[in-house]
Amino acid sequence: MHARSRNYVSESEVCKLESVPLDFGDYHPLKPITVTESKTKKMNRKGSTSSTSSSSSSSMLDPLSSVLDGTDPLSLFAAAADPVPTTATMDSTRKKRDKDDSPAVGSDFEPWSSKRGEILARYTTTEKLSINLYMGSEKGKAATTGSAVSEKVRTRLEELDDLEEGSQKELLNLTQQDYMNRIEELNQSLKDAWSSDQKVKALKIVIQCSKLLSDTTVIQFYPSKFVLITDILDTFGKLVYERIQSMCVDNRVSLPDNFSPECINDTAKETCLNWFFKIASIRELIPRFYVEAAILKCNKFLSKTGISECLPRLTSMIRGIGDPLVAVYARAYLCRVGMEVAPQLKESLNKNFFDFLLTFKQIHGDTVQNQLVVQCVEIPLYLTLYSPAIDWILQCIAYRAPEVSKCVLCCTTPLFSCVVNTG
């Protein structure tokens, strides 16, 4: 039996769809189109004749247009969008943002000034104390307003040389009251040097005072020493901030509280950067940390994110302080400054506390134990020295904190509080 012969050309012609002429003059891709449907029956193998039926459907709409009811998609999205904000809405939004960014704390936060007197009264000593005083030369006073820039630079270099050549005087065998009087004299010397435009001398006074915070020879007096020295740091930070702020205003316009860095002129920014560059050149860690923390607020003149970027870095710097008592008071000072300028940045405050918990085991190290043996200080008395710093850090962390953070504090602090209160 042989296969049936087929004519593929004729079969292809029969199976073709019916062509419809199209007038391109009226053609547009978005206009409704007419679809012609052709139905073709398959031929059977027995050679039966094929029949083809064609039917033209009615005019159909564009599928996209039928879904959107003829509405342009862009117009549809624009109609669904929020209305254009009015001026009142924009002002309300700006006020809300300014309120959220406001560094002020409420009256429900106990200030450091209320704790200062209690610390000075509690942590006293009958042992003799020592202090280094800066014996500045009078060369800086010879410079006049009309002096050349080179002369001013030479004078400042000579002042720096005086510091390296032993222009410090160590005062020994001071009573506690004598020590406090000397610190007050340094505070006044700082103000006098600043008012007489001796900025280099003022900076050196602050650096030398900050160095005293690394000295724990009379360890039971350290909390009171911290209070006295940080008073000088607070004075310095205030003087620098007011100096830069005064360069941003004239006789007609005053700088608002919630100003932006865009409002600051180039001269003020350059002066601010100059202070940070001077502080960055301080070789020793503790004075470099304290002096920079004292002027932390000045970052507002440079950028909106300056404070939020500096806080984590300063927190990490404290990890380089080997003495746990010195380190915990450095953390307390950073929390104190942080609450003044950016209380909403809780992350750095929390990190300060947990860093302390991780390093608290250092009190059992040889360095601390040998120091306590030399000074005849028992562990219970030594642990009470941590109390003011920890109390302040916890207050800063818990202030208007979420309930989750408070629960964490409740879980981590009872054991430590029990140990500290043993004495």
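**Helix packing, aromatic rings and cysteines**

Biologist: Which residues in H14 do Leu311, Pro312, Thr315 and Ile318 in H12 meet?

Modeller: This is a predicted model, where local features need pLDDT of at least 70 and side-chain atom pairs count only at pLDDT 80 or more, while totals for chains, interfaces and linings use all residues. Residues are numbered from 1 along each chain as its sequence is written, and side-chain values use heavy atoms, leaving out hydrogens and water. Helices (H or I, at least four residues) and strands (E, at least two) are DSSP runs, numbered from the N terminus. With contact meaning heavy atoms within 4.5 Å, the H12 residues meet Ser348, Lys351, Asn352 and Asp355.

Biologist: Are H12 and H14 roughly parallel or roughly antiparallel?

Modeller: Axes are lines fitted to C-alpha atoms, for helices over the stretch in contact, and angles run from 0 to 180 degrees between N-to-C directions. Helix H12 (residues 306–318) and helix H14 (residues 346–359) have axes 10 Å apart at an angle of about 10°. Angles under 35 degrees count as roughly parallel, over 145 as roughly antiparallel, 65 to 115 as roughly perpendicular and the rest as oblique. H12 and H14 are therefore roughly parallel.

Biologist: How many aromatic pairs are there?

Modeller: Rings of Phe, Tyr and Trp (its six-membered ring) pair if their centres lie within 6.5 Å; planes under 30 degrees apart count as stacked, over 60 as edge-to-face and the rest as tilted. By this rule the count is 20.

Biologist: Are the rings of Phe109 and Tyr399 stacked or edge-to-face?

Modeller: Their centres are 5.0 Å apart. Their planes stand at 70°, so the pair is edge-to-face.

Biologist: How many residues apart are Phe109 and Tyr399?

Modeller: Phe109 is in the loop between helix H4 (87–101) and helix H5 (113–122). Tyr399 is in the loop between helix H17 (387–398) and helix H18 (403–420), so the pair links parts of the chain that are 290 residues apart.

Biologist: Over the face of which residue does Lys199 lie?

Modeller: A charge sits over a ring if NZ of Lys or CZ of Arg is within 6 Å of the ring centre and within 35 degrees of the ring normal. At 4.8 Å from the ring centre, Lys199 lies over the face of Trp194.

Biologist: How many disulfides does a search of the whole structure find?

Modeller: A disulfide is a pair of cysteine sulfur atoms within 2.5 Å. The sulfur of Cys263 is 9.2 Å from the closest cysteine sulfur, in Cys248, too far for a bond. The number of disulfides found in the whole structure is 0.
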